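Please examine the sequence and the model before reading on.

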Amino acid sequence: MSEVAEGEGSVTLDLLKKKMADFAKERDWEPYHSPRNLLLAMIGEVGELSEIFQWKGEVPRGLPGWEEREKEHLGEELSDVLLYLVRLSDICGIDLGQAALRKVKLNAIKYPIKLSDQNGKNDANTSKNKDEDACPDNSSSVQHSA
Ligand SMILES: [Mg+2]
């Protein structure tokens, strides 16, 4: 596997997995990286990520008006969550990339594309569903799928 220098190219889950394994081994932290400990650490990081958005109200895409230091902090907390998720998956023997691809396929079966929405038709009967599809994070049906 070739090393990806900071700021260059794409980063794979396998590279992150190896980096996290090396990081833990070099510090003799492997005994502490149990599934439960890693899960709780990840939840703590989700809390830190949530604090960034706390009290800001709705935030537009692209984060216009945010200072660079705020975006850098956001990147750090997103990374903390990702790194613990990758490490947790590795410790549990789950191929996270393959599991995620499988889940996308399952979600596509569970939530088929609506042809009327795909073609941009927007009549009174489909406008509600179209809104949900445009922003699936707000759809109660999608929230239950994850
Ligand atoms: Mg953090």
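## Basis and confidence

This is a predicted model, in which local features need pLDDT of at least 70, side-chain atom pairs count only at pLDDT 80 or more, and totals for chains, interfaces and linings use all residues. Residues are numbered from 1 along each chain as its sequence is written.

The average pLDDT (the predictor's confidence in each residue, from 0 to 100) is 84 for the protein, and 73% of the residues score at least 70. Residues 122-135 stay under 50 and have 11 contacts beyond four places in sequence in the model; two residues are in contact if their C-beta atoms, placed from the backbone, lie within 7 Å. The pLDDT is also below 50 over residues 137-146, a stretch with 6 contacts beyond near neighbours in sequence. Where pLDDT is low, the predicted coordinates should not be read in detail.

## Helix 2 and helix 3

Helices are DSSP runs (H or I, at least four residues), numbered from the N terminus. Helix 2 (residues 35-53) packs with helix 3 (residues 68-91) at an angle of about 160 degrees, the axes being 9 Å apart. Axes are lines fitted to C-alpha atoms over the stretch in contact, and angles run from 0 to 180 degrees between N-to-C directions. The two helices are therefore roughly antiparallel, a term for angles over 145 degrees.

Among the residues making the contact are Leu38, Met42 and Leu49 of helix 2 and Leu74, Leu78 and Leu85 of helix 3. Helix 2 itself has 19 residues and reaches 28 Å from its first C-alpha to its last. Just after helix 2, Trp55 takes a positive phi of about 75 degrees.

## Helix 1 and helix 3

Helix 1 (residues 13-26) packs with helix 3 at an angle of about 85 degrees, with the axes 9 Å apart. Helix 1 is therefore roughly perpendicular to helix 3, the term for angles of 65 to 115 degrees.

In this contact, Leu13, Leu16, Lys17, Met20 and Ala21 of helix 1 meet Leu83, Val86, Arg87 and Asp90 of helix 3. Helix 1 has 14 residues and reaches 20 Å from its first C-alpha to its last. Asp28, which follows helix 1, has a positive phi near 55 degrees.

Methods. Parallel < 35°, antiparallel > 145°, perpendicular 65-115°, else oblique. Expected span 1.5 Å × (residues − 1).
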